[in-house]
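I opened my notebook to look at one protein model, going from the whole chain down to a single residue. Here is what I looked up.

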Amino acid sequence: MRAAVAACLHAIGPGLYGVACSGGADSLALADAAIEVAGAAHVAVMTIDHGLAAGSAARADAVAAWARDRGAAGLVRRVAVARAGQGLEAAARDARYAALGALADEVGACAILTAHTARDQAETVAMRILRGTGIAGLAGIPRRRGRVHRPLLALPRAAIDAYVAARGLAPWHDPMNDDPALTRVRVRRDVLPALRRENPNLDAALLRLAAAAAEHAEAIDSRAAGFGLPVDCVALAREPAAVRKRALAIAFPTAEAAHLDQLDDLVTAPRRGTRSLDLPADRAVRTYDTLDRPRATPPPDDLPQIAGTIVRAWRPGDRIRTRAGSRKLSDLYIDLRIPRDHRAALRVVIRPADQVIIWAERIGAAAVEPA
């Protein structure tokens, strides 16, 4: 456990490390190991209270108190989970990562560590197979995405349990882990045990599949990365289908598998006029041999009518107020997987009285109080 954490922190470099900790066995073990490896002064234990289970507020406060007793910072952020058409698990995850990012900004953390383990990886790959996925989806949970690092991703559950017992930790059991309404719970309880009866080494097989898929995805990405927006449809159409679809997934990160097939059809179709395709929170437009997204997206009509409102391009260091707290626009763009070369043209609306950003393109209206 400590060797895995030490290797991760060495790769990150010195600084303050934010550790996401629900109080469950995995995250409590990670927080304990991070404190032992880095020293308490270099660790901020961050607990997000979704308010979805009875006693969650008291549990979050108890985790923070445990961290402070160890000499580390103990931080709690309470969030409201807005489903907005998502499943509960996905909505809670989005709210959690937004809150973790806001907390990390506030305390100046150089990285966020999460306690995903080999079991989480196996479950994720299995769920994606059940839903239907491509090579990138089979790669499962990445070891790193942006400033989020997962040092325990190769560790089996037995290693976690042994560490918890050896350290005398008292983890909290999340009742959502027993809720059959959640896909992950049903996969863990019913699907994977049935498959393990056919192959006792199933978990290792799924981890090998994820690793192989990640290698293939990396090779495809190196070729697909050359096709940023605007896309030359004639050049991209000459590439193998795997490269074409990966290039389109990078260019239009909200597109799902069905949309990628439609985007591919748009790229490979004969040249004629202008055609478009609506995507989740995005739009693709092919004009003759060029595929791009519409650059000019006007601010919505329902923004507060404020005299002298300023519209400008976003700048590094700009922040916007979200329900989870103040966030850097650059971090939100990374979370939304907006390619770097698309960000320069994105605009914000500024309230002149106090220079507060009240709307940002691709993000929407800020959660701000009236001036």
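**Entry 1: contacts along the chain.** I started with the contacts between residues at least 6 apart in sequence, and found that 64% of them join residues at least 24 apart. A reminder to myself: this is a predicted model.

**Entry 2: the whole protein.** I counted 14 helices and 16 strands. The C-alpha trace spans about 70 × 60 × 40 Å along its principal axes. Does the radius of gyration agree or disagree with a compact globule? For 371 residues such a globule would have a value near 21 Å, and the protein has 22 Å, so the two agree.

**Entry 3: surface and interior.** I looked up the accessible surface next, and it comes to about 18,300 Å². Carbon and sulfur atoms account for 54% of that area. Of the 371 residues, 43% are buried.

**Entry 4: α5 against α8.** On to helix packing, which is described by the angle between the two axes and the distance between them. Helix α5 covers residues 118-131, and its axis comes within 10 Å of the axis of α8, crossing at roughly 95°. That angle falls in the range of 65 to 115 degrees, so I noted α5 as roughly perpendicular to α8. I then listed who meets whom: R119, D120, E123, T124, A126, M127 and L130 on the α5 side, with T183, R184, V187, R188, V191 and L192 on the α8 side. By class, this contact has six nonpolar, two polar and five charged residues.

**Entry 5: α8 against α9.** I stayed with α8 (residues 183-198) and turned to α9 (residues 202-224). Their axes lie 9 Å apart, at an angle of about 100°. This pair is therefore roughly perpendicular too. Which residues of α8 meet α9? I found L192, L195 and R196, facing L202, D203 and L206 in α9. Four residues of this contact are nonpolar, none are polar and two are charged.

**Entry 6: D292.** Is D292 buried or exposed? Its relative accessible area is 16%, and the cut-off for buried is under 20%, so D292 counts as buried. Leaving out residues up to four places away in sequence, I found that D292 touches L229, P230, F252, R283, A284 and V285.

Note on methods: Residues are numbered from 1 along each chain as its sequence is written. This is a predicted model: local features need pLDDT of at least 70, side-chain atom pairs count only at pLDDT 80 or more; totals for chains, interfaces and linings use all residues. Side-chain values use heavy atoms; hydrogens and water are left out. Axes are lines fitted to C-alpha atoms, for helices over the stretch in contact, and angles run from 0 to 180 degrees between N-to-C directions. Helices (H or I, at least four residues) and strands (E, at least two) are DSSP runs, numbered from the N terminus. Angles under 35 degrees count as roughly parallel, over 145 as roughly antiparallel, 65 to 115 as roughly perpendicular and the rest as oblique. Contact means heavy atoms within 4.5 Å. Ala, Val, Leu, Ile, Met, Phe, Trp, Tyr, Cys and Pro count as nonpolar, Asp, Glu, Lys and Arg as charged, and the others, Gly among them, as polar. Buried means under 20% relative accessible area, exposed over 50%, partly exposed in between (1.4 Å probe, protein chains only). The radius of gyration is taken over C-alpha atoms; the globule rule is 2.2 Å times the number of residues to the power 0.38. Accessible areas come from the Shrake-Rupley method with a 1.4 Å probe; for residues, only the protein chains shown count as cover.
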